[in-house]
Amino acid sequence: AGRCGTVWDSAWDSTGRCGTVDRIKAGNYWGRLSPVWGPGTLPCCDRGPSPGWSLPLVGQDFLEILSAWYCSFGSCGATGDCRVLNNVTGLESELNGQLHGQHLAGEVVLRAVRGFLQKPQPEKALVLSFHGWSGTGKNFVARMVASHLYRDGLRSECVRTFISLFHFPHAQYVDSYKVQLEKQISETTQLCQQSLFIFDEAEKLHFGLLDAIKPFMAHRDNKDQAGNRRSIFLFLSSIGGNAINEVALDFRRARRPREEIPMELLEQRLRRELLQPAGNGAGLLRLENLIDFFVPFLPLERRHVRLCARDAFLARALPYTEAALDEVAKMMVFVPKEEKLFSAQGCKSVSQRINYFLP
């Protein structure tokens, strides 16, 4: 679905949109047709006619030919799917500019995604496990990945987000949840050349649901059957958050910069947490052999909270002062109680705090 085809088999998707004018070689020409599809938008490829199409038949045929001509330029990218952007350069830029205090997470995510997308035929799905306290950036990075890999970001039909206690709240219905989950994942992977699945509060996923997900992440035995389709799975959890914070606290007390924290040390701590029999990681342990990268999110310091506040002001086009950034940081709770080094909520409520500074 959504792939560029021949002159005779291309039309428009149900949204009638395929990208932005400045992303295609024939952009100037299509820009003249914006009254038909809407400002700055393009017809998509290899789909049936849009519901409610009102142009005369002759005009419709003419535009279908033009659409096919546009598709012949191959501007749907390497995947052949107009919904997939795979803008790794944009992802790198946003990680560097908007993700504060998470040098390890940014580096691991970028390296993992870039390496995966460069494989012409991946042998398995890419599986990343995000770990850390609430507000440290796990959901923020997941949104970044979605927005730079897919035209419609989290709203894309190729992206599915599941929140454990929201989508699977009752343990007695786990068998029904399994059927629904398997169906949604299967349908999405068939619909899209490249799929993204995000599981928030992953530590609360029932064992049965994890077992249902595993076949979609495992190594593929039949590459011909798998084709070029690829999937990315992101698991977000608070597992190991305290262990990560202890390492960061030790470095801070030793007056060593957090940038010196080795990835190997944090990965060892995270694996140890997953092995705890009575811990929350017992479920995710079932996925350990399928997880490609553990991604640690460090606790955020006061300077990082100030940067989050600055970004929040800029995002709303509001003026700010250094004093205002300090005031936002003072509103947050910092731990440990004696030293007050790390924000207990990370940057989670910063955007709401700046409401106090509205005129």
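Reader: What share of the contacts between residues at least 6 apart in sequence join residues at least 24 apart?
Author: 77% in this protein, with contact meaning heavy atoms within 4.5 Å. This is a predicted model, where local features need pLDDT of at least 70, side-chain atom pairs count only at pLDDT 80 or more, and totals for chains, interfaces and linings use all residues. Residues are numbered from 1 along each chain as its sequence is written, and side-chain values use heavy atoms, leaving out hydrogens and water.

Reader: How many helices and strands?
Author: 15 helices and 7 strands. These are DSSP runs numbered from the N terminus: H or I of at least four residues for helices, E of at least two for strands.

Reader: And how much of the protein is buried?
Author: Buried residues are 47% of the 359. Buried is under 20% relative accessible area, exposed over 50%, partly exposed in between (1.4 Å probe, protein chains only).

Reader: Take Q194. Buried or exposed?
Author: Buried, at a relative accessible area of 0%. Q194 belongs to strand β3, residues 194-200.

Reader: What does its side chain touch?
Author: The side chain of N86, through a polar contact of 2.7 Å. A polar contact pairs N or O atoms within 3.5 Å; within protein, one must be able to donate a hydrogen and the other to accept it, and residues adjacent in sequence count only if both atoms are side-chain atoms.

Reader: Helices now. At what angle do α4 and α6 cross?
Author: Roughly 155 degrees, for α4 (residues 88-98) and α6 (residues 138-149), with axes coming within 9 Å. So α4 is roughly antiparallel to α6. Axes are lines fitted to C-alpha atoms over the stretch in contact, with angles from 0 to 180 degrees between N-to-C directions. Under 35 degrees counts as roughly parallel, over 145 as roughly antiparallel, 65 to 115 as roughly perpendicular, the rest as oblique.

Reader: Which residues meet there?
Author: G90, L91, E94, L95 and Q98 of α4 meet F140, V141, M144, V145, S147 and H148 of α6.

Reader: What about α13 and α14, what angle?
Author: About 120 degrees, axes 9 Å apart, for α13 (residues 302-315) and α14 (residues 322-331). That pair is therefore oblique. Residues making the contact include R302, R306 and R310 of α13, plus E322, D326 and K330 of α14.
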